[in-house]
Amino acid sequence: MNGIRVLVVDDDFRVAGLHRDAVAARPGFVALEPARSVGEARAAVAAQAPDLVLVDVYLPDGDGIEFVRSLDVDAFVLSAATDAATVRRAFSAGALAYLVKPFDTRVLAERLDRFARYRNLLSSTRPLTQDDIDRAASVMRGEREGASLARSATEQTVLAALGADEASATEVAERIGVSRATAQRHLTALAERGLVQVSLRYGSTGRPEHRFRAGA
């Protein structure tokens with residue numbers, strides 16, 4: 001079966017069925033048959049290799065959060081528990097999301113869509129940049145891309161490197177110790193937001209190059 005394979009773990013068969021159906025309704029997802037206990041869930045993970053598990057906290061034979069902690073699989077915790085200690089414990093165990101039951105199935109659908117984007121961003125075979133990692137984390141949290149502190153810090157460094165001078169992407173890259181491609185990407189993003197001016201100049205080789213200057 002192609003798609004992101006999702007295992008629901010909940011001892012209430014009606015709730016498990018609702019969540020399974022919500023998963024099955026999302027394009028690109030495959031809903032596995034729900035498990036109703038930690039034991040069943042462990043067997044299902046071993047046999048069916050899900051990409052994501054949706055786990056209740058209170059299960060008849062164990063603690064759902066400790067089950068999440070023991071897994072090498074992405075997980076959401078879905079629970080009626082709203083005390084801060086339980087929520088903190090879920091996140092420290094590695095849960096990517098915590099949904100308070102009962103919830104509208106549209107909420108789960110939205111989290112699943114975020115997860116699909118998050119997983120796609122982290123599926124590259126090339127080494128990831130800090131921006132790649134921050135973008136994936138932002139997507140999973142529902143933040144707008146580009147809102148991460150690390151990205152802002154990098155852009156501030158680029159602006160500081162420009163100062164009051166005009167410079168090319170190559171010159172900026174040399175000043176701050178990054179690749180030309182990284183400098184070019186940030187300069188282009190700053191220019192699109194009106195924070196940097198772009199002009200075209202002919203260099204010593206006779207080839208035109210883009211020159212950047214801070215300020216609108």
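**Stop 1: two helices at an angle**

Select residues 13–24, helix α1, together with residues 105–121, helix α5: the two pack at an angle of about 50°, with axes 10 Å apart. The axes here are lines fitted to C-alpha atoms, for helices over the stretch in contact, and angles run from 0 to 180 degrees between N-to-C directions. Helices (DSSP H or I, at least four residues) and strands (E, at least two) are DSSP runs numbered from the N terminus.

Before going further, note that this is a predicted model, where local features need pLDDT of at least 70, side-chain atom pairs count only at pLDDT 80 or more, and totals for chains, interfaces and linings use all residues. Residues are numbered from 1 along each chain as its sequence is written, and side-chain values use heavy atoms, with hydrogens and water left out.

Back to the pair: α1 and α5 are oblique to each other. (Angles under 35 degrees count as roughly parallel, over 145 as roughly antiparallel, 65 to 115 as roughly perpendicular and the rest as oblique.) Now show side chains for H19, A22 and V23 in α1, which meet T105, L108 and L112 in α5; contact means heavy atoms within 4.5 Å. By class, this α1 contact with α5 has 4 nonpolar, 2 polar and no charged residues. Nonpolar covers Ala, Val, Leu, Ile, Met, Phe, Trp, Tyr, Cys and Pro, charged covers Asp, Glu, Lys and Arg, and the others, Gly among them, are polar.

**Stop 2: the other partner of α5**

To see the contact, pick R111, R114, F115, R117, Y118 and L121 on α5, then R135, A136, V139, M140 and R141 on α6. Which classes turn up in the contact of α5 with α6? There are 6 nonpolar, no polar and 5 charged residues.

**Stop 3**

Most residues other than glycine have a negative phi, and most peptide bonds are trans. Go to P102, in the loop between β7 (97–100) and α5. The peptide bond from K101 to P102 is cis, with omega near -5°. Then jump to A49, in the loop between α2 (38–48) and β3 (52–55). A49 isn't a glycine, yet its phi is positive, about 50°.

**Stop 4**

Select D61, in the loop between β4 (58–59) and β5 (62–63). Leaving aside residues up to four places away in sequence, D61 touches S37, V38 and G39. Draw a distance from D61 to D11: they are 50 residues apart along the chain, and their C-alpha atoms are separated by 10.0 Å.

Is D61 buried or partly exposed? D61 has 44% relative accessibility, so it counts as partly exposed. (Buried means under 20% relative accessible area, exposed over 50%, partly exposed in between, with a 1.4 Å probe and protein chains only.) V196, in strand β9 (residues 196–202), is buried at 5%.

**Last stop: zoom out**

Show the whole chain, with its 9 helices and 10 strands. The C-alpha trace spans about 75 × 40 × 30 Å along its principal axes. Of the 216 residues, 40% are buried.
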